Every structure is written in C-alpha cells, then in structure tokens.
Amino acid sequence: DDHDHAHGHVHAKREFPSAPLTRPSRPLQWDSVNIIHTTDSHGWLLGHQKPSFPEPNYSGDFGDFSSFVTHMKELALQKDVDLLLVDSGDLHDGTGLSDGYPTGGVDAHASNEFFKQLPYDLLAIGNHELYIYNNTLDMYRNFAPRFNGRYLSSNVNITIDGVSRPVGDRFAKFKTRKGRQVTALGVLFDFTGNDFNTTVQPVEDMVKEHWFTEAIKDEPDFFLLAGHMPVSRDNWPLIFNAVRAVHPLTPILILGGHTHIRDCRESLQLDGRSMSLESGRYMETVGWMSAELPAPKIHRRHNGEDHDTKNITFTRRYLDPNRVTYEYHTGRGNFSFDTAWGQSITRGLEKLAKTFDLSFQYGVAPHDFTLSQSPFPSNNSVLSLMAEAMPVALTVNNSRASIPNIMITNSGSLRFDIYSGPFTKNDQLTASPFADSFLYIANVPFSAASQVLPALNNAGANERRDIAVETELYARGYVGARYREWVQEMYQRDLETEGASARRAAANLTLGYVTTDSCPGVGDDTPHTPLAFFDSPDFIASASPEVTDDAPIDLVFVDFIESQLIQILNQVQSEKVFTTEDVGTYTPVLATEILGIFAQQAWN
Ligand SMILES: Nc1ccn([C@@H]2O[C@H](COP(=O)(O)O)[C@@H](O)[C@H]2O)c(=O)n1
C-alpha cells in the first residue's frame with residue numbers, strides 16, 4: 001500500500017540503504033500489552049551510515065523510527081490493544097550528534113531535543129547521564145520536564161543549591177489506553193563512577209525506602225520496571241522480590257539495559273508471570289515485548305471474574321532498525337511509510353549534523369579498523385590504531401615531546417569501528433566519544449612504568465580478576481567485557497555447530513547479531529551470520545621507548561583511569577608512593593581529538 005493514509009498526501013520516496021537488506025523472518029506477535037523498547041542509544045539517531053555489513057542493518061534514523069512508532073500506534077488502535085514505548089537510558093556519549101557540540105555547549109543537549117519528539121511512555125536514566133554534572137543538570141532542567149513525570153530516576157539524585165533531589169521522578173503511576181493501571185520504576189545499577197553532586201543509591205537500599213514501599217503498596221494491573229540495569233547477572237531480583245513479597249501474582253514487565261546486548265529472561269523467579277528484555281545498543285536493536293495480560297482488574301471485578309493466576313504468554317523480538325524492517329512490520333511501502341513528523345525529525349537531525357560540521361574530513365581511512373573483528377595487535381585493529389595515534393597526537397606542540405614516554409588508555413574508551421573511506425568528525429566521535437584529558441607522572445623509572453600496562457590488564461583480564469576487583473570495575477561502569485563475551489559466544493557457537501556455515505551460505509545471510517538468550521524460540525527478527533570475534537585487553541599502550549631500566553620517563557594516561565593507574569604504579573614499585581600530587585596535565589588535546597589529528601597527518 002503506497003498511499004499515505006496517515007497524512008492524506010504522498011511523501012517523497014526515501015532512498016533505501018546502499019545495500020539490499022534481508023526482510024524480517026515473520027510478523028510480530030501482538031498481544032493485549034505490547035512494548036517497543038530502546039536502550040543505550042548513545043546519540044546514534046542518524047542511523048548507521050556505512051555501506052559495509054552489518055552497518056546497513058541499522059540504517060534507519062530516528063525519523064524512520066518515529067514513523068514506525070506512529071504506524072505501530074495506529075495498528076495497536078486497530079487491534080484494540082495497548083502499545084507502550086519505553087527507553088532504558090544512556091542517551092549521551094557516542095556520536096557527533098551527541099558529542100560534536102561547539103565549545104560551551106552541553107553533551108547531548110541538541111540530540112535529546114529529537115528524543116523529546118517521540119511519544120515515550122516511560123524512560124529511565126543511564127550511567128552516561130551522570131559522568132558530568134552539567135549533563136545531569138541538563139536532564140533535570142530540560143529533558144525530564146517534557147515527559148511529565150515519566151522520566152524516572154528511582155535511585156538517582158542531583159544536588160542543586162545544596163538540595164539533593166531526584167533527576168526525574170522516583171516512580172510513575174498511570175493508566176494505559178485500554179485502562180490498565182501501571183506502576184512504573186526507573187532504576188540504575190549500583191554505579192559508582194558518577195560526578196560530584198549526583199548520587200546513586202544502591203538498589204538494595206532503594207527497596208527499603210518508605211517511598212518505595214508506598215509506591216508498590218496498591219496493586220496495579222502490571223508493574224513496568226524500566227532500568228539501566230542488565231537483565232542478567234545484576235540486581236533486578238532485589239526489586240522483583242520486593243514487589244513479589246507484596247504482590248505474588250501481579251504481572252511484572254522488566255526493560256533493562258547497560259551491557260549493550262540482546263537478552264531476555266522469562267520469569268526472573270520462575271513464576272510464569274514476569275519477563276525481562278534488554279535491547280542492545282547504538283540503535284542497532286529495537287526491542288519488542290508482547291504479553292497476553294488479562295483485562296484491567298477494574299473490568300474483571302465489574303464482570304465478577306476471579307483473580308487471574310495462570311502463567312502469562314510473553315514473546316520478544318529483536319528488530320534490526322532499518323526501513324525494510326519498519327515497513328514490513330507496519331505493512332507500509334517506501335512511498336507510504338514516512339510520516340510528516342518522521343521526515344521533519346530526519347531533516348532536523350541532518351541540519352544538526354551540518355551545524356556541528358560532522359562531515360568535516362580529516363583524511364581517508366585506508367581500510368577498515370575494527371574493535372573485535374580483527375586480532376589485537378594488528379593492522380586492522382582500532383586499538384592498535386589508537387596505540388599508534390596517541391604518540392603522534394598527544395605530542396603536537398608539547399614541550400615534553402622529546403622525553404621518552406609510555407601512553408596508556410582504557411580500551412573501553414574506544415566505542416566503534418572505523419570504516420575505510422572518508423574519516424570525518426562524526427567517525428572520530430563514534431570511535432572515541434569521551435572528552436577525557438591526558439595526564440602524566442614525570443620521572444617514573446622505565447622498569448616500573450613498563451610494568452603498569454601488564455599489571456592493569458592482569459587486574460582487568462577476565463580469567464584472572466579477583467571478585468573484589470571485578471565488582472569495583474563493574475560498579476565504575478566497566479561493562480565492555482560482557483558485550484565482548486556475548487559476541488564471542490555467538491561466533492563460537494556458530495563455529496561449533498555442525499553444518500552452520502553451509503546453511504548460512506545457502507541462505508545467503510548477511511553479517512549481524514545471532515542471539516541466544518534464555519527465552520523460548522528465536523529472538524532475532526532477521527537471521528544473520530555472526531561477526532568474527534577476537535578478544536582484546538582492557539587497557540592499551542603506545543610502544544615502549546628503547547631506554548635503560550633506570551631511565552626516567554613520562555607515564556602518560558587518560559584521566560578516566562587515574563585512580564587505578566596510581567594504585568597499580570604503587571604496586572609494581574616500592575621506591576616511591578605516588579599520589580595525585582604527582583600528576584600533571586600532559587596536553588590540552590582531548591581523547592576525542594586524537595584520531596582526527598593522526599588522520600590529518602597519516603591519511604592525507
Ligand atoms: N569519561 C568516560 C566515560 C566512560 N568511559 C568508558 O565507557 C564505559 C562505560 O560505558 P557503558 O556504555 O558500558 O556504560 C566505561 O567503562 C569506560 O570504558 C570512558 O572511557 N571515559
């Protein structure tokens with residue numbers, strides 16, 4: 001159907017992505033309550049724009065997503081069911097749209113204006129909203145108010161003028177279109193890397209709060225627990241159990257985030273009346289949950305029906321956000337899909353990209369550099385590229401340039417692959433979005449400095465981590481290992497499954513996510529073949545200088561790892577106890593600028 005029923009006029013046809021895309025495998029299952037879920041979008045609102053797979057899978061922009069939501073809401077009306085739109089946080093740090101703002105601006109302020117244009121029913125705060133006080137303040141002042149009590153920060157406060165208050169609201173109670181009473185929370189995992197004057201209350205303490213007890217006291221038709229907290233291996237059971245202690249049978253729908261993976265758990269506590277879903281990262285996934293919930297209690301009471309106790313039927317699906325997916329599930333064609341609202345969002349995002357000069361070109365990348373599809377170290381590794389780029393970029397106009405050094409950064413600061421071809425301001429910011437500074441300690445004997453990287457990686461390496469270190473790193477937000485584990489598993493499983501590669505070849509599948517989770521049936525909406533995976537260390541460094549063991553050198557490091565680095569430096573030597581007093585600023589060049597400076601020199 002290529003006539004635009006929604007707006008009564010025909011829109012210009014949008015270009016399809018440069019590569020042909022596989023259609024979804026089957027229609028979505030709609031039930032009485034349905035949820036569209038986004039999480040960890042990190043500013044990826046213009047879609048993934050590179051032509052190599054898997055990028056085209058995720059090529060839909062936020063305007064396309066808006067049109068999708070509009071049509072899905074119309075379908076929900078036709079089917080006479082509930083459809084909610086939920087986000088689980090982390091809107092900052094990830095692309096030029098969020099991080100390419102001019103000096104004096106606030107991260108993600110402009111990109112969040114587009115988020116505000118979608119009809120979200122519920123949103124939760126993420127850890128990336130808390131690394132910098134001004135970002136949190138912006139969420140408090142300019143973002144939360146748009147959502148009229150539905151932007152939730154159940155355990156997160158900001159201090160303004162000496163008064164600590166929730167960034168959004170602690171909880172929300174509302175009625176769905178079909179009259180279902182909902183009690184909602186928006187919870188952050190036990191994050192400890194937050195800025196001064198923001199606070200994160202441990203989940204364990206939150207569930208003991210008076211407001212919490214009061215909020216969950218009355219029985220709704222269902223609990224909607226959104227949160228920036230992984231659905232596996234985190235604290236959802238604490239909240240779940242607190243609710244279950246009061247309401248043994250009330251349906252609980254959980255929408256999590258943070259680990260950047262596609263994940264689902266049916267029944268956290270095997271009670272058949274709850275489900276949890278996590279929907280990936282970077283607008284590479286739009287999650288779908290459906291639940292066959294009974295009619296609203298108020299209607300049932302009116303009809304004299306009993307309390308419902310049966311297991312609830314749930315489904316989930318992980319959608320690749322692109323126009324083929326969106327058109328397939330909305331029954332629209334390329335001429336009838338776009339809504340005027342969606343198109344205006346796309347235009348607005350393109351205008352913002354221009355204003356921020358995101359297509360400014362630093363050079364031409366000679367080939368692809370990936371985070372995990374190529375070994376580390378190697379010519380094709382983003383991490384190796386960074387190790388090579390740091391000594392170039394951080395020594396420009398630097399009076400310490402001639403002093404031998406070792407430069408260390410955390411691998412987690414590198415967030416995305418670099419593709420061959422023009423390397424733009426946007427590419428620079430997607431690969432390295434954190435405006436972190438570089439610090440140094442002077443006169444560290446080479447024999448000690450050279451032990452710091454291996455020691456950091458020992459402390460961070462999966463197999464060798466002790467539980468206390470693991471817990472501390474996790475609390476500070478180091479979660480990249482969980483994503484890597486997930487991608488590795490899908491690759492490994494495929495290698496080990498007999499006939500898998502032949503079947504994939506026969507089906508002509510493109511690269512993408514191949515999810516296995518704890519819910520029944522296949523979760524991915526579109527079948528793919530998994531990406532190759534190579535593991536990498538948690539920390540990387542520039543090549544060591546050729547000096548004698550006792551030579552004093554500069555130990556240069558990104559500020560994000562300052563406390564860990566000092567701790568490790570004091571473990572690998574006993575000549576001196578280093579403190580923050582020994583630390584100075586190495587260069588005004590920020591982590592966000594390194595790859596651009598390198599590209600200008602090496603790729604022009
Ligand atoms: N200033 C910063 C802030 C964060 N990081 C890296 O991001 C990781 C957390 O990101 P999630 O999306 O997983 O929450 C954190 O572990 C760091 O690796 C950074 O480098 N600099």
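**Figure 1. Arg493 and Glu489 within helix H15.** Arg493 and Glu489 lie 4 residues apart in helix H15 (residues 480-496), and therefore about one helical turn separates them. Helices (H or I, at least four residues) and strands (E, at least two) are DSSP runs, numbered from the N terminus. The two residues form a salt bridge in which the closest N and O atoms are 3.8 Å apart; the term denotes a side-chain nitrogen of Lys or Arg within 4 Å of a carboxyl oxygen of Asp or Glu. Arg493 is partly exposed at 32% relative accessibility, and Glu489 is also partly exposed, at 41%. Here buried means under 20% relative accessible area, exposed over 50%, and partly exposed in between (1.4 Å probe, protein chains only). The model shown in every view is predicted: local features require pLDDT of at least 70 and side-chain atom pairs count only at pLDDT 80 or more, whereas totals for chains, interfaces and linings use all residues. Residues are numbered from 1 along each chain as its sequence is written, and side-chain values use heavy atoms, with hydrogens and water left out.

**Figure 2. The salt bridge between Glu74 and Arg332.** The side chains of Glu74 and Arg332 meet at an N to O distance of 3.5 Å. This pair links distant parts of the chain, 258 residues apart: Glu74 belongs to helix H1 (residues 62-79), and Arg332 to the loop between helix H9 (323-330) and helix H10 (340-355). Glu74 is partly exposed, with a relative accessible area of 26%, whereas Arg332 is buried, at 15%. A search of the whole structure finds 24 salt bridges.

Figure 3. A salt bridge joins the side chains of Asp582 and Lys576, with 2.9 Å from N to O. Asp582 counts as partly exposed at 24% relative accessibility, and Lys576 is partly exposed with a relative accessible area of 38%.

**Figure 4. The disulfide of Cys264 and Cys519.** The structure holds 1 disulfide, a term for a pair of cysteine sulfur atoms within 2.5 Å. The sulfur atoms of Cys264 and Cys519 are 1.8 Å apart. The torsion about their S-S bond is about -75°, so the disulfide is left-handed. Distant parts of the chain are linked by this pair: Cys264 lies in strand S12 (residues 262-266) and Cys519 in the loop between helix H16 (500-507) and strand S20 (539-541), 255 residues apart. Cys264 is buried, with a relative accessible area of 0%, and Cys519 is buried at 8%.

Figure 5. Of the 17 residues around the ligand, Asn127, His128, Arg415, Asp436 and Val479 come nearest; a residue is near a molecule or strand if one of its heavy atoms lies within 4 Å of it. The shell divides into 5 nonpolar, 9 polar and 3 charged residues. In this grouping Ala, Val, Leu, Ile, Met, Phe, Trp, Tyr, Cys and Pro count as nonpolar, Asp, Glu, Lys and Arg as charged, and the others, Gly among them, as polar. An oxygen atom of the ligand is 2.8 Å from a side-chain N or O atom of Asn127, and a ligand oxygen is 2.8 Å from such an atom of Arg415. For the side chain of His42, the distance from a ligand oxygen to an N or O atom is 3.5 Å. Taken alone the ligand exposes 480 Å², of which the protein buries 94%; accessible areas come from the Shrake-Rupley method with a 1.4 Å probe, and for residues only the protein chains shown count as cover.

Methods: Polar contact = N/O pair within 3.5 Å; in protein donor to acceptor, adjacent residues only side chain to side chain.
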